[in-house]
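Hello,

Here is the structure I promised to pass on to you. Please have a look, and then read on for what turned up in it.

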Amino acid sequence: LRARGANAETLLDRAEPDLRRLFDRHLAAVGDESPAVVVARMLSAAGLTLSLAESCTGGLLASWLTEVPG
């Protein structure tokens, strides 16, 4: 969810409680956190690893994940 304009931050702040109520644990990322950061944290917490075989994306998914520190 994105908003633009002078009151963008206020609009997002107002929408967040409703989104949390509706989507709960299905939210991928909140704030400045990228989905790649969330995935990396979840994998690490569970002691899991991820293997990717990409051709159509040209390694894009792997590059997003390897950009996450740690």
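**What was found**

Arg20 is partly exposed, with a relative accessible area of 41%. Keep in mind that this is a predicted model.

Arg20 has a partner: a salt bridge joins Arg20 to Glu16, with 2.9 Å between the closest N and O atoms. Both residues belong to helix H1 (residues 8-23), where they sit 4 residues apart, about one turn of the helix. Glu16 is partly exposed too, at a relative accessible area of 29%.

How many salt bridges does a search of the whole structure find? The count is 3. Another one links Arg21 with Asp18, again with closest N and O atoms 2.9 Å apart. These two residues of helix H1 are 3 residues apart, about one helical turn. Arg21 is exposed, with a relative accessible area of 59%, while Asp18 counts as partly exposed at 38%.

Glu33 and Arg41 also meet through their side chains in a salt bridge, at 2.7 Å from N to O. Glu33 is partly exposed at 28% relative accessibility, and Arg41 is partly exposed at 43%.

Now for the chain as a whole. It has 3 helices and 0 strands. Its radius of gyration is 15 Å, well over the 11 Å that the globule rule gives for 70 residues, so the chain is more spread out than a compact globule. The C-alpha trace spans about 40 × 25 × 20 Å along its principal axes. Of the 70 residues, 6% count as buried. The chain exposes about 6,100 Å², and carbon and sulfur atoms supply 56% of that area.

Best wishes

Conventions
Residues numbered from 1 in each chain as written. Predicted model: local features only at pLDDT ≥ 70, side-chain atom pairs only at ≥ 80, totals over all residues. Heavy atoms only, no water. Rg over C-alpha atoms; globule rule 2.2 N^0.38 Å. Buried < 20%, exposed > 50% of the residue type's maximum accessible area, 1.4 Å probe, protein only. Areas by Shrake-Rupley, 256 points an atom, 1.4 Å probe, with all protein chains shown as cover. Salt bridge = Lys/Arg side-chain N within 4 Å of Asp/Glu carboxyl O.
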